[in-house]
Amino acid sequence: MILPSCADEPGDSDNSEFYLFVGTYTAESSEGIYVYKFDAETGETEYVSEATGHSNPSYLAISPNQEYVYAVSEGGAEKAGVSAFSFDKDNGSLTFLNRQSSGGAGPCYVSVDATGKAVFAGNYSGGSLAMLPVQNDGSLAEAKNIIQHSGSSVNESRQNSSHVHCTYVSPDNKRLFVADLGTDTVTGYAFEEGEVVLDSTASSTFETTPGAGPRHLTFHPNGEYAYLVNELNGTVDAFKYEDGALNQIQNISTLPEGYDGAISGADIHVSPDGEFLYASNREDLNNIVIYAIDQDNGELSRVGQHASGGVHPRNFMIDPTGRYLLVANRNTDNIVVFKRNQETGMLTDTGRELEVSMPVCLKMMPVK
């Protein structure tokens with residue numbers, strides 16, 4: 001069973017028109033969540049709608065049945081939460097259903113299990129994670145589990161406490177993997193989909209290089225390999241997923257040889273065909289690094305890089321057909337559309353981009 005993460009799902013040749021959802025920070029001129037249509041034949045976008053009145057709906061997740069969208073409200077403990085929306089595919093509009101506490105401050109990540117019955121939120125500032133059951137109408141019940149992490153690591157300015165940055169459900173829907181930037185760990189928790197039960201005791205723990213700062217995790221479409229981007233030391237860890245645990249097979253740099261500037265890794269995704277891995281760097285680099293994936297063992301080899309078309313590429317995605325890669329550059333308020341060569345993995349400029357204030361997260365679903 002492969003979790004439909006929308007950005008990493010296998011290519012769909014039957015669809016060429018998709019809804020594009022954009023989560024944002026609302027500190028400047030953004031009104032909330034924006035919805036566009038994206039044409040995977042041409043790379044063109046068209047404005048459809050927006051959901052307003054929601055503070056910092058930064059990270060998004062789409063339900064497996066594509067009827068609901070979930071968004072974190074990134075803020076302090078009193079304002080931190082997860083909101084549920086129903087989505088009307090006929091007119092492309094989001095309707096607010098309800099909001100529940102995320103169980104901690106600064107939620108920055110949200111995901112949905114493969115059955116659509118559980119939503120998981122990661123609280124960066126609070127150093128915790130929460131599982132919220134999904135009710136029959138797509139709305140959220142109060143958190144059934146809140147798991148508090150604790151600890152620190154070697155980077156005194158960034159790792160003085162736990163900072164949960166990712167809550168990713170494994171493709172078999174049996175594990176929740178939690179990347180904690182503050183403690184340099186990726187922790188696995190057993191999940192029972194039939195009972196909607198998350199075990200609060202860790203089933204596995206991977207410890208990164210001290211000071212790495214694990215940020216985002218993604219899986220290969222075959223469900224056998226996983227990849228982790230580390231924010232603080234500019235590396236990617238590759239894993240074999242077996243017996244419910246992540247077993248490291250490689251660590252590789254995202255940085256140019258001899259680079260001594262600021263480091264800030266951000267996002268990571270595998271192409272729908274499973275042939276290439278992409279990772280983004282912010283700060284001085286502002287680029288997308290491209291790796292070929294060895295299909296026999298999951299190992300990576302660097303094949304190139306491409307400028308992100310803006311500043312601070314916090315998030316990006318590959319459209320479900322694999323033809324385009326879209327980059328959300330938060331600090332330059334733009335989403336840039338790149339054409340993707342599916343044979344080489346390389347990117348080329350299309351000249352197309354969207355102006356959106358402080359874009360943070362991109363997701364897609366088919367229009368039909």
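## A look around Q159 and beyond

Leaving out residues up to four places away in sequence, Q159 touches S152, S153, V154, L181, G182, D184, G211, G213 and L232. Keep in mind that this is a predicted model. Is Q159 buried or exposed? Its relative accessibility is 0%, and buried means under 20%, so Q159 counts as buried.

In soluble globular proteins, nonpolar side chains tend to be buried together. Here the largest nonpolar core has 48 residues, and F21, Y70, L94, L217 and L246 are the ones that touch the most other members. Which strand gives this core its largest share? That's β5 (residues 68-73), with five residues. Apart from this core lies another one, made of 17 residues, including V22, Y324, L326 and M364.

Let's zoom in on L94. Setting aside neighbours within four places in sequence, L94 is in contact with F21, I33, V35, A51, V69, F85, S86 and F87. One of those contacts, F21, is also listed with L94 among the core residues that touch the most other members.

Next up is strand β1 (residues 17-24). This strand is mostly covered, as seven of its eight residues are buried. β1 pairs with strand β2 (residues 32-39), running antiparallel, through six bridges. β1 also pairs with strand β28 (residues 359-366), again in the antiparallel sense, over seven bridges. Take L20 as an example: L20 stands opposite Y36 in β2, and L20 also stands opposite M364 in β28.

Finally, have a look at an open sheet of four strands. Their order is β24-β25-β26-β27, and the pairing is antiparallel. Which strands stand at the edges? They are β24 (313-318) and β27 (347-355); each has a single partner strand, so one side of each is left without a neighbour in the sheet. On average, neighbouring strands of this sheet are turned by 20 degrees against each other, direction ignored. Within the sheet, strand β26 (residues 334-340) pairs with β27 over seven bridges, and F338 has D349 in β27 as its bridge partner.

Here are the strand pairs with their bridges, side by side:

| Strand pair | Sense | Bridges |
|---|---|---|
| β1 and β2 | antiparallel | six bridges |
| β1 and β28 | antiparallel | seven bridges |
| β26 and β27 | antiparallel | seven bridges |

Definitions and conventions. Residues numbered from 1 in each chain as written. Predicted model: local features only at pLDDT ≥ 70, side-chain atom pairs only at ≥ 80, totals over all residues. Heavy atoms only, no water. Buried < 20%, exposed > 50% of the residue type's maximum accessible area, 1.4 Å probe, protein only. Contact = heavy atoms within 4.5 Å. Core = buried A, V, L, I, M, F, W, Y, C linked by side-chain atoms within 4.5 Å. Helix = DSSP H or I, 4+ residues; strand = E, 2+ residues; numbered from the N terminus. Pairing = 2+ DSSP bridges. Axes fitted to C-alpha atoms, helices over the stretch in contact; angles between N-to-C directions.
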